[in-house]
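Please consult the sequence and structure shown here while reading.

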Amino acid sequence: MPVQLAQLIKFAVVGVINTGTFYALYLALHSWLPYYPAFVIAFLISMVGSFFLNTYVTYRTRPTWRKFLLFPLTNLTNFVVTSVGVFVLVEWFGVNERIAPLAAAMAAIPVTFLLSRRILTHRDAAEVPHQRDHSDGLVPGPDPVR
């Protein structure tokens, strides 16, 4: 299976887990906060989880402070699309506040994959290039396909 296809499948699985975590946090927070603050807090917490899951599971690269600090920038587009989407869906179209975050998140999935892949597979100065390993063929490192 090509590396990019495997990454896309893993990204989708991580995305389902992350979306479930986000949605559970959103519902819990929304029980005592208005919908938008609940959305923002749940989004930020789930983004940290997404960083580690995508680092270790999807792209099999090691987390670094640089990547951790850049990862939110890659999700900035995701945040803008979903934030505007939630607001527009709730305020303009009267979509239920519990459903709007899920609908808005769907529009941001392709962009988030491309941006997170770019950041998390970027070669750090301290990283070594891909090397063969006995377990699955690759040791974490930058993706040679650009």
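Which residues have the most contacts inside the largest nonpolar core? In this predicted model, they are F22, Y26, F39, V86 and L120, within a core of 22 residues.

**Overall architecture**

- Along the sequence, the elements follow the pattern α-α-α-α-α.
- The protein has 146 residues, of which 37% are buried.
- Of the contacts between residues at least 6 apart in sequence, 61% join residues at least 24 apart.

**The nonpolar core**

- The largest nonpolar core contains 22 residues, and α1 (3–30), α2, α4 and α5 each supply at least two of its residues.
- Helix α2 gives the most to this core, with seven residues.
- Y26, one of the residues with the most contacts inside the core, is in contact with Y35, A38, F39, A42, E97, R98 and P101 when its neighbours within four places in sequence are left aside.

**Helix α3**

- Helix α3 spans residues 65–74, and its buried residues are K67, F71 and T74.
- Viewed down the axis of α3, these buried residues fall within an arc of 65°, so they line one face of the helix.
- W65, L69 and L73, on the other side of α3, are exposed.
- The buried residues of α3 pack against three helices, namely α2 (35–58), α4 (76–92) and α5 (100–120).

**Helix α4**

- Helix α4 has 17 residues, and the distance from its first C-alpha to its last is 23 Å, close to the 24 Å expected at 1.5 Å a residue.
- The buried residues in α4 are N78, T82, S83, G85, V86, V88 and V90.
- These buried residues of α4 pack against α2 and α5.
- G94 follows α4 and has a positive phi, near 65°.

**Aromatic pairs**

- The structure holds 14 aromatic pairs.
- One of them, formed by F39 and F79, is stacked, with 6.4 Å centre to centre and 25° between the planes.
- F39 belongs to helix α2 and F79 to helix α4, so this pair ties together parts that are 40 residues apart in sequence.
- F39 counts as buried because its relative accessibility is 2%, under the 20% cut-off.
- F79, with a relative accessible area of 24%, is partly exposed.
- F51 and F68 form an edge-to-face aromatic pair, with 5.2 Å centre to centre and 80° between the planes.
- F51 lies in helix α2 and F68 in helix α3, so the pair ties together parts that are 17 residues apart in sequence.
- F51 is buried, with a relative accessible area of 1%, whereas F68 counts as partly exposed at 25% relative accessibility.
- Ring pairs also link F22, Y23, Y26, Y35, Y36, F39, F43 and F79 into a cluster.
- Among the members of this cluster, F22, Y26 and F39 are also listed with the most contacts inside the largest nonpolar core.

Key. Residues numbered from 1 in each chain as written. Predicted model: local features only at pLDDT ≥ 70, side-chain atom pairs only at ≥ 80, totals over all residues. Heavy atoms only, no water. Buried < 20%, exposed > 50% of the residue type's maximum accessible area, 1.4 Å probe, protein only. Helix = DSSP H or I, 4+ residues; strand = E, 2+ residues; numbered from the N terminus. Arc of directions from axis to C-beta. Contact = heavy atoms within 4.5 Å. Core = buried A, V, L, I, M, F, W, Y, C linked by side-chain atoms within 4.5 Å. Expected span 1.5 Å × (residues − 1). Phe/Tyr/Trp six-rings, centres within 6.5 Å; stacked < 30°, edge-to-face > 60°.
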